[in-house]
Amino acid sequence: MNLSQHFTISELTRSQTAVRRGIDNTPTPQVVHRLTLLCTNVLEFIRQGCGVVAVTSGYRSPILNRAIGGANGSQHTTGDAADINVPGMTIEDLFQWIKASGIKYDQLIQEFDQWVHVSYSDNQRRQALRATKEGNRTIYSPA
């Protein structure tokens, strides 16, 4: 099932952890609606500007989110967020490109120089952050 022109439900719900642990990661109709908004309002525009977008983490059921140690209240559990990268583009360049774009994102987080977290919400805070580790703690600072 397509969520938008270039993104499918399977790529936004794929999880190796869910498969390995037998966790059901099937989204509700409300989550599918939120994933569709994320794809049409954010991910499609990134694809147009940067090329193929690889989704490394999209929707996570609350059980899956706990299993991987995701943050309580994560936008991944509502279908509002995806972690992405673009082959051939550095994480920092992707982060800066999205930040400078007119894309109506809610949160944009450059996480540990490994991926970019981007979310869509009706609020559209356009909050840009950088996540780093200090010991076992994740520190979020304005970017």
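**Entry 1: a strand pair.** I began with Ala82, whose bridge partner in β4 is Val118. I then looked up the strands around this bridge: β2 (residues 81-85) and β4 (residues 115-119) pair in the antiparallel sense over four bridges. For pairing I need at least two DSSP bridges between two strands. Helices (H or I, at least four residues) and strands (E, at least two) are DSSP runs, numbered from the N terminus.

**Entry 2: ground rules.** This is a predicted model, in which local features need pLDDT of at least 70 and side-chain atom pairs count only at pLDDT 80 or more, while totals for chains, interfaces and linings use all residues. Residues are numbered from 1 along each chain as its sequence is written, and side-chain values use heavy atoms, with hydrogens and water left out.

**Entry 3: the sheet.** In what order do the strands of the open sheet lie? I read β1-β2-β4-β3-β5-β6, six strands with mixed pairing. The edge strands, each pairing on one side only, are β1 (54-57) and β6 (137-142). Neighbouring strands are turned by 30 degrees against each other on average, direction ignored.

Leu129 stands opposite Pro142 in β6. The hairpin of β5 and β6 has two residues between the strands, and Gly135 takes a positive phi near 65 degrees there.

**Entry 4: helices on the sheet.** I found α3 lying across β1, β2 and β4, at about 145 degrees to β4. Helix α5 lies across β2, β3 (107-111), β4 and β5 (127-134), at about 165 degrees to β3. Angles run from 0 to 180 degrees between N-to-C directions, and axes are lines fitted to C-alpha atoms, for helices over the stretch in contact.

**Entry 5: helix on helix.** How do α3 (residues 29-50) and α5 (residues 91-100) pack? Their angle is about 115 degrees and their axes are 11 Å apart. The two helices are therefore roughly perpendicular to each other, a label for angles of 65 to 115 degrees. Phe45, Ile46, Gly49 and Cys50 in α3 meet Leu94, Trp97 and Ile98 in α5; contact means heavy atoms within 4.5 Å.

**Entry 6: a charged pair.** I noted five salt bridges in the structure, each a side-chain nitrogen of Lys or Arg within 4 Å of a carboxyl oxygen of Asp or Glu. Asp80 forms one with Arg34, the closest N and O atoms being 2.6 Å apart. Asp80 lies in the loop between α4 (62-67) and β2 and Arg34 in helix α3, so this pair ties together parts 46 residues apart in sequence.

Note on methods: Angles under 35 degrees count as roughly parallel, over 145 as roughly antiparallel, 65 to 115 as roughly perpendicular and the rest as oblique.
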